[in-house]
Amino acid sequence: MAQTQTVTDTGIKELIALWEEAGATGMESIVGLNMATPCTAAVASTFADPADTATHHVGSGLELAAIDAVSHATVNTADDTITFDHVFTATGSINVAGIHVCNNDDDVTFIECCFNAVLAMENTDTLTIDGQSTIDQA
Amino acid sequence: MEKGTTKEVSGRNAFRVYATAEQRTGFCEKCGIKTEKQFYMDGERKRVRIICPNCGGQGRLIVKTYSVQPPDAPQCISFRCLYKFVMDTLFCGLLSNYHRRRVAYAGANRHKEILERYRTGEPSPKNIRQAILADVKLAIRRKKWHRHKQ
């Protein structure tokens, strides 16, 4: 399976709620996905129900955490892109199939990404995530 | 279709996501010291990296994933537009297949010496011919590796 990544439907709903100032929160958290085989990112995925049979990691360094750096950049028009950088450090042997980028309330997934293959991490391994999402008017 | 309605937007073409994951060992490749998280500015962008506090080096690269973007939908129904879309889709499929196998191969050989391009994914194939060739070469290496394992 190819690496797949998408903004989820619930992520767009949260973004619209944020524009409306209707109690939504911005991009803040990240968590690793646990699955034995590669998953496929889907727009219908949610925080509670990630892609395929994936689940959120709850330990070994891949659990839900605050994103190290959320910033903005320019791709087509000024500041049309949100960027996020995070480093996971494994505290044991663990497989990671992808990531969820979530809101500050930790109840909505903005972005789901499933890697090219399941990454087998060993204790002290680091996984540096470099991501961005662009709202493209072009 | 009515103008000015959300019906004009389909799929996620106007909302693109790009992401890569880089897996490294937690100890500096040069001096063996445990690497640490460091924040830095890249223009206006705040970023983070893992580097050695002693020499500024990094842990040994195990594998880096590659984000393949799907082709844009055809904008017209002329033969030229449709042909381009079909070829772009074929290239996307071949490229995805190559990187899927490359990432699995590099991960499985984390303690062995393999070609750097299978760990970094660079240079990535730029056209259909290169994608087929890269995939065939990788398939031969994987076959040798499986034979060696047995």
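The model is a predicted one.

Strands of a sheet pair through backbone hydrogen bonds, either parallel or antiparallel. Here five strands form an open sheet with antiparallel pairing, in the order E5(A)-E6(A)-E9(A)-E1(B)-E4(B). Strand E5 (69–73) of chain A and strand E4 (59–64) of chain B stand at the edges; each has a single partner strand, so one side of each is left without a neighbour in the sheet. On average, neighbouring strands are turned by 20° against each other, direction ignored.

The sheet passes from chain A to chain B where E9(A) and E1(B) run antiparallel, joined by ten bridges.

In chain A, 43 residues are in contact with 38 residues of chain B. The area buried between the two chains is about 3600 Å², and carbon and sulfur atoms give 51% of this. On the side of chain A, A:Asn116, A:Thr126 and A:Asp130 lose the most area to chain B, together 15% of what that side buries.

Seven salt bridges are counted between the chains. In one salt bridge, the side chains of A:Asp125 and B:Arg110 meet at 2.5 Å, N to O. The interface also has 23 residue pairs in polar contact. E9(A) gives the most to the side of chain A that touches chain B, with ten residues. By class, that side has 19 nonpolar, 16 polar and eight charged residues.

Terms used:
Residues are numbered from 1 along each chain as its sequence is written. Chains are lettered from A and ligands numbered from 1 in the order in which they are written. This is a predicted model: local features need pLDDT of at least 70, side-chain atom pairs count only at pLDDT 80 or more; totals for chains, interfaces and linings use all residues. Side-chain values use heavy atoms; hydrogens and water are left out. Two strands pair if DSSP finds at least two bridges between them. Helices (H or I, at least four residues) and strands (E, at least two) are DSSP runs, numbered from the N terminus. Axes are lines fitted to C-alpha atoms, for helices over the stretch in contact, and angles run from 0 to 180 degrees between N-to-C directions. Contact means heavy atoms within 4.5 Å. Buried area is the accessible area (1.4 Å probe) that two parts lose on being put together, summed over both. A salt bridge is a side-chain nitrogen of Lys or Arg within 4 Å of a carboxyl oxygen of Asp or Glu. A polar contact is a pair of N or O atoms within 3.5 Å; within protein, one must be able to donate a hydrogen and the other to accept it, and residues adjacent in sequence count only if both atoms are side-chain atoms. Ala, Val, Leu, Ile, Met, Phe, Trp, Tyr, Cys and Pro count as nonpolar, Asp, Glu, Lys and Arg as charged, and the others, Gly among them, as polar.
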